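Have a look at it first, then work through the points.

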Amino acid sequence: MTILETQGLAAKNAARKLAVTGEKQKNAALLAMADALLARKGQWLSANAADLAAARAAGMRESLLDRLTLDEKRIAAIAEGVRQIHALPDPIGQVVKTTLRPNGLKLEQRRVPLGVVGIIYEARPNVTVDAAALCLKSGNACILRGGKEAFRSNRAVIAILRDALEASGLPRDCVALVEDTSRETAQQMMDLTEYLDVLIPRGGAGLIHSVAANAHVPVIRTGEGVCHIYVHREADLPMAARILYNAKCSRPSVCNAAECVLVDRAVAEDFLPMAWELLQKKSVKLHGDPECREILGDFVLPAAPEDWDAEYGDYQLAVKVVSGPEEAMDFIAAHGTGHSEAILTESYTAARQFCDGVDAAAVYVNASTRFTDGFEFGLGAEIGISTQKLHARGPMGLEELTSTKYVVYGDGQIRE
């Protein structure tokens with residue numbers, strides 16, 4: 001057996017035990033994990049510092065360095081996320097519905113774990129903890145493969161989490177890390193059908209497309225985030241400028257950051273200079289259509305066709321002037337990724353039209369797209385933001401990591 005197959009078998013055996021582990025023991029393990037993250041944060045920070053030094057030497061851009069970086073405040077927030085997961089109801093065993101058939105059979109549809117969840121992700125060490133905690137609470141074992149940029153951070157925190165699991169009486173193999181970050185192991189995970197029940201890629205569009213195209217394990221697509229802010233002609237323009245600034249600049253590298261703003265022609269001359277006044281605080285590079293450039297000037301780069309589909313992940317923003325809601329919704333349908341879309345307006349009619357007409361996992365009225373997040377949605381954390389429609393959509397919390405089975409009670413019925 002390969003190393004990955006050995007991990008897969010161990011995870012499958014751990015998942016069988018975890019599936020029948022009660023909420024009390026799982027919760028105790030989660031609290032032990034949260035405590036261990038804080039007690040051993042120095043170990044994690046030291047490993048992260050080595051990852052950051054290597055990433056800087058390799059020329060990683062600042063927005064991606066931000067995603068890789070840990071500090072005491074972020075570790076405290078990660079530990080708090082684990083505690084929030086601990087406080088959530090255990091979905092396993094919940095009866096979704098009960099049916100009594102005319103022949104006397106009683107059918108119960110119950111929530112059950114998926115089994116073994118594989119996750120391939122990039123340079124975000126917080127994902128390691130989020131995934132481990134969510135999978136544990138939902139009764140799933142997990143095999144995690146992070147990017148090489150975060151390898152030291154991931155190896156350190158996996159050791160912390162596995163020690164906490166063992167101290168709580170659960171198998172260490174409920175959580176495993178693939179230590180070989182080569183492309184070959186990624187492909188091996190995609191073919192691990194005997195051991196993995198589902199594979200979740202979390203990262204940039206290239207990673208997600210590669211996994212979706214090549215995996216034989218069932219895949220849940222997450223994370224592609226070409227998110228739009230549409231400024232309607234009846235928007236509160238100062239509020240709209242603040243929301244756009246937050247959606248683009250608070251953390252430009254994440255998948256819920258705005259990548260394109262659509263502005264009604266009726267307010268473009270007033271709104272664009274107002275928005276630029278804020279955006280230039282972060283030296284945002286604009287890629288605008290001809291009308292945007294006419295209003296703001298030649299410092300705006302001419303938008304190329306590829307800019308309308310770009311997930312910049314950086315301080316860059318595409319800008320397009322539109323005639324109204326219909327053109328805005330048509331544009332989003334053509335260029336959006338089904339993640340998060342927002343309309344800024346004081347018009348109930350326009351807001352309702354946008355919410356009904358835009359096909360995305362999350363649609364906002366007068367709020368930043370940056371809220372599409374498991375923590376912000378009250379899920380404790382998320383395994384990713386699903387942009388597909390089958391099984392799960394939007395932030396994937398505990399319920400989204402379950403399936404169902406039917407339990408059928410009879411008293412001697414046979415089928416004629």
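1. Let's start with Arg111, which counts as buried at 18% relative accessibility (buried means under 20% relative accessible area, exposed over 50%, partly exposed in between, with a 1.4 Å probe and protein chains only). Keep in mind that this is a predicted model: local features need pLDDT of at least 70, side-chain atom pairs count only at pLDDT 80 or more, and totals for chains, interfaces and linings use all residues. Residues are numbered from 1 along each chain as its sequence is written, and side-chain values use heavy atoms, leaving out hydrogens and water.

2. What does Arg111 form a salt bridge with? The partner is Glu399, with the closest N and O atoms 3.5 Å apart (a salt bridge is a side-chain nitrogen of Lys or Arg within 4 Å of a carboxyl oxygen of Asp or Glu). Arg111 sits in strand S2 (residues 106-113) and Glu399 in the loop between strand S15 (394-395) and S16, so the pair ties together parts 288 residues apart in sequence. (Helices, H or I with at least four residues, and strands, E with at least two, are DSSP runs numbered from the N terminus.) Glu399 is partly exposed, at 42%.

3. The structure holds 23 salt bridges. Another one joins the side chains of Arg40 and Asp163 at 2.9 Å, N to O. Arg40 is in the loop between helix H2 (23-39) and helix H3 (41-57), while Asp163 is in helix H7 (residues 151-167), 123 residues apart. Both also belong to a salt-bridge network with Glu166 and Arg172.

4. Check out Arg74 and Asp66 too: their side chains meet in a salt bridge of 2.7 Å, N to O.
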